[in-house]
Amino acid sequence: MADPPARCRDFNWDALCLPSVNLSSLDDPFTEQEVHAAIKQLPHDKAPGPDGYTGNFFKTCWNTVKQDLVAAINYFHMGRWANLNLLNKANIVLIPKKDGADLVTDYRPISLIHSFAKIINKILALRLAPKMHELISPCQSAFIKGRSIHDNFLYVRNIARRFHRNGTPSLLVKLDISKAFDSVRWDYLLSLMQHRGFPSAG
């Protein structure tokens, strides 16, 4: 589980002509309104993480906790991470995929994280959402609000029918990249994000 060796090659990012998006607003300090908007969208009674707090707690006690919560979140924004390890923990729970599960592969692990991390994630997601259509190609039809993966199925079906009807020789290839997220290097992702316009860390 060691870190991968340093990369000796990299993409010619300029030759790829990737469009850069103005994402400087992602680096702005968090406002009370943003934090409150994120809390409103938290699930009401989703299983809590190690801190034991649910979305219902923050919604009900907002007027009591808002000053301390906004201050803590902006401490995080300023890079004051001395005790981040206390918040960067999770309870791992195994959910059986089927009845009579007795093998490791029969379970799906989920991580129940601290509510503090959930709130920060939600704030950043809400900030990024309006920029997603500029960042993500229209060909990526899944996991983007307002798009549907079924659009690509219909597109491929219609293309296949057209080729068949016109007698056009063609070859359709379906690629299934298993566990792609776990196999992509972090340094590559950070470099890509920087070239797309994300603020640099630190």
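**Exercise 1. Which residues does Ser-191 touch, not counting residues up to four places away in sequence?**

Before we start, note that this is a predicted model, where local features need pLDDT of at least 70 and side-chain atom pairs count only at pLDDT 80 or more, while totals for chains, interfaces and linings use all residues. Residues are numbered from 1 along each chain as its sequence is written, and side-chain values use heavy atoms, with hydrogens and water left out.

*Solution.* 
- Step 1: Locate the residue. Ser-191 sits in helix α10, residues 186–196. Helices (H or I, at least four residues) are DSSP runs numbered from the N terminus.
- Step 2: Check its cover. Ser-191 counts as buried, at 13% relative accessibility. Buried means under 20% relative accessible area, exposed over 50%, and partly exposed in between, with a 1.4 Å probe and protein chains only.
- Step 3: List the partners. With contact meaning heavy atoms within 4.5 Å, Ser-191 touches Arg-7, Asp-10 and Trp-13.

**Exercise 2. How many salt bridges does the structure hold? Work through some of them.**

*Solution.* 
- Step 1: A salt bridge is a side-chain nitrogen of Lys or Arg within 4 Å of a carboxyl oxygen of Asp or Glu. Side chains of opposite charge can pair when their charged atoms come close.
- Step 2: The structure holds four salt bridges.
- Step 3: Take Lys-66 and Glu-32, whose closest N and O atoms are 3.7 Å apart. Lys-66 belongs to helix α4 (residues 62–77) and Glu-32 to helix α2 (residues 32–40), so this pair ties together parts that are 34 residues apart in sequence. Lys-66 is partly exposed at 24% relative accessibility, and Glu-32 is partly exposed at 34%.
- Step 4: Move on to Arg-127 and Glu-34, with closest N and O atoms 2.6 Å apart. Because Arg-127 lies in helix α6 (residues 115–128) and Glu-34 in helix α2, the pair ties together parts that are 93 residues apart in sequence. Arg-127 is buried at 12%, whereas Glu-34 is partly exposed at 23%.
- Step 5: Arg-185 is partly exposed at 26%, and Asp-187 is partly exposed at 29%.

**Exercise 3. At what angle do α4 and α6 pack, and which residues meet?**

*Solution.* 
- Step 1: Two packed helices are described by the angle between their axes and the distance between the axes. Here, axes are lines fitted to C-alpha atoms, for helices over the stretch in contact, and angles run from 0 to 180 degrees between N-to-C directions.
- Step 2: Read the values. α4 and α6 pack at an angle of about 70°, and their axes are 11 Å apart.
- Step 3: Classify. α4 and α6 are therefore roughly perpendicular to each other, a label for angles of 65 to 115 degrees.
- Step 4: Name the residues. From α4 come Leu-69, Ala-72, Ile-73 and Phe-76, meeting Phe-116, Ile-119, Ile-120 and Ile-123 in α6.

**Exercise 4. Is Asn-74 buried or exposed, and which residues does Asn-74 touch, not counting residues up to four places away in sequence?**

*Solution.* 
- Step 1: Asn-74 is in helix α4.
- Step 2: Classify it. Asn-74 counts as buried, at 15% relative accessibility.
- Step 3: Find its contacts. With that sequence limit, Asn-74 touches Pro-29 and Phe-30.

Technical notes:
Helices (H or I, at least four residues) and strands (E, at least two) are DSSP runs, numbered from the N terminus. Angles under 35 degrees count as roughly parallel, over 145 as roughly antiparallel, 65 to 115 as roughly perpendicular and the rest as oblique.
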